[in-house]
Structure formats: structure tokens, C-alpha cells
Amino acid sequence: GKSNKVDDESPAIDQTVEVNAASELPQLEINDEMRQSFVTEGIELLQNAEQGLLAWGENSDDPEAMADLFRNMHSFKGNCGFFGYAEMEKLSHQMETVLDRAKSGSPLATDNPADALLAALDLLQNSVAEISEGREAKVPDLEEHLTELRKLLPPMLGEILVKEGIDEGSVNAAIATQKKPVGEILIDQGNAS
């Protein structure tokens with residue numbers, strides 16, 4: 001009777017495969033009308049972001065403009081995710097990370113990050129144009145561009161401290177109790193001078 005038992009179980013295994021496939025179905029059901037609305041909205045969001053980046057290049061001290069710029073990139077990234085445009089999503093996500101860091105007032109590794117962000121934005125605009133003409137949404141040299149954007153992000157204090165040989169556990173514990181600056185906590189713990 002053991003062989004029967006195995007047979008009984010195999011349909012259940014198939015069902016889990018089907019469930020997984022079903023959860024990814026929305027990606028497969030994108031029709032031309034939806035694709036066109038992605039393009040229309042994408043063009044608008046990226047144009048707004050472009051204006052925001054150009055303005056930021058001129059004057060980086062306007063928190064409201066910065067919040068708008070971030071929102072536009074965040075919405076665009078969300079749309080890419082929904083439609084399954086993975087490469088565009090990765091690139092816009094990395095842009096969003098840079099903007100988020102800037103929005104929170106953290107310094108970036110370069111005085112004018114707008115240039116690298118505008119270059120990435122150009123790529124996204126080209127990809128949207130490709131989609132509007134029914135072609136695939138590829139981002140040429142994606143990894144290169146992601147690397148360029150990552151260069152805009154200085155390492156966070158925690159990363160620096162770990163590089164300096166301070167135990168990562170201590171750094172994480174310090175961050176977890178961060179009512180005081182990390183540096184002070186580490187000194188209190190006797191882990192740094």
C-alpha cells in the first residue's frame with residue numbers, strides 16, 4: 001500500500017505548483033490598454049521627475065520639491081513592479097534609494113547627484129518609449145548604471161564602523177537602541193573610543 005500513498009500525494013504537489021503559477025497570473029493578463037496606460041502615466045511621472053531633478057540641480061534645499069520628486073519615482077517604480085518590468089523596477093528602485101537618502105537630509109557622496117540620476121532617468125524614458133512601440137522593456141547596461149547610482153551613496157555609519165573592525169553585533173545593538181547617536185553608544189559600551 002505504500003506505493004499508493006505516494007501516488008495520493010503527488011497531485012497535492014502539483015496543486016502547490018499551480019497555486020504559485022496562479023499568484024503570478026496578473027503579470028500575464030496585461031492587455032494593450034493597460035500597457036498604454038502604463039506608458040501614459042510613466043511618461044508623465046518621468047517628466048515630473050526630470051523637472052524635479054533639474055530643479056534640484058539648481059537648488060537642493062527645497063524639501064517640498066524633493067518630496068514630490070521622490071513620490072514620482074516611487075509611483076513609477078510601483079507601476080514597473082506591477083507590470084513585471086523587472087529591469088526598469090531595479091533602476092527606478094536604486095534612484096528612489098538615492099532620493100530617499102537625500103530627502104532624509106543625509107549627505108550624498110557627490111555634490112551634484114542630479115547628473116547620474118538624469119542619466120538613469122533617460123534610460124527609463126527610452127524603455128517606456130520601447131514599451132509604447134510594443135517592444136520589450138530592457139535597460140541596456142543595467143548593472144553599470146546601478147553601480148553608478150550606488151556610488152552616490154556614502155556608506156552609512158554602521159557600515160563604516162564594521163569596516164573599521166568594530167564587531168557587527170555591537171553596531172547592530174547600538175542601532176537597535178538608537179535613542180542616542182551610534183558613536184556615543186559604542187563609546188558607552190567600551191567598543192570604540
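Helices (H or I, at least four residues) are DSSP runs, numbered from the N terminus. This is a predicted model, where local features need pLDDT of at least 70 and side-chain atom pairs count only at pLDDT 80 or more, while totals for chains, interfaces and linings use all residues. Residues are numbered from 1 along each chain as its sequence is written, and side-chain values use heavy atoms, with hydrogens and water left out.

Confidence comes as pLDDT, the predictor's score for each residue, from 0 to 100. The protein averages 80, with 69% of its residues at 70 or more. Helix α1 (residues 2-23) has the lowest confidence, a mean of 48, and helix α5 (residues 86-103) the highest, at 95.

Now for a helix pair. Helix α3 (residues 32-58) packs with helix α4 (residues 63-83) at an angle of about 155°, their axes 9 Å apart. Axes are lines fitted to C-alpha atoms, for helices over the stretch in contact, and angles run from 0 to 180 degrees between N-to-C directions. Angles over 145 degrees count as roughly antiparallel, so α3 and α4 are roughly antiparallel to each other.

Aspartate 32 and arginine 35 are three residues apart in helix α3, so about one helical turn separates them. By this rule the count comes to nine salt bridges.

Technical notes: Helices (H or I, at least four residues) and strands (E, at least two) are DSSP runs, numbered from the N terminus. Angles under 35 degrees count as roughly parallel, over 145 as roughly antiparallel, 65 to 115 as roughly perpendicular and the rest as oblique. A salt bridge is a side-chain nitrogen of Lys or Arg within 4 Å of a carboxyl oxygen of Asp or Glu.
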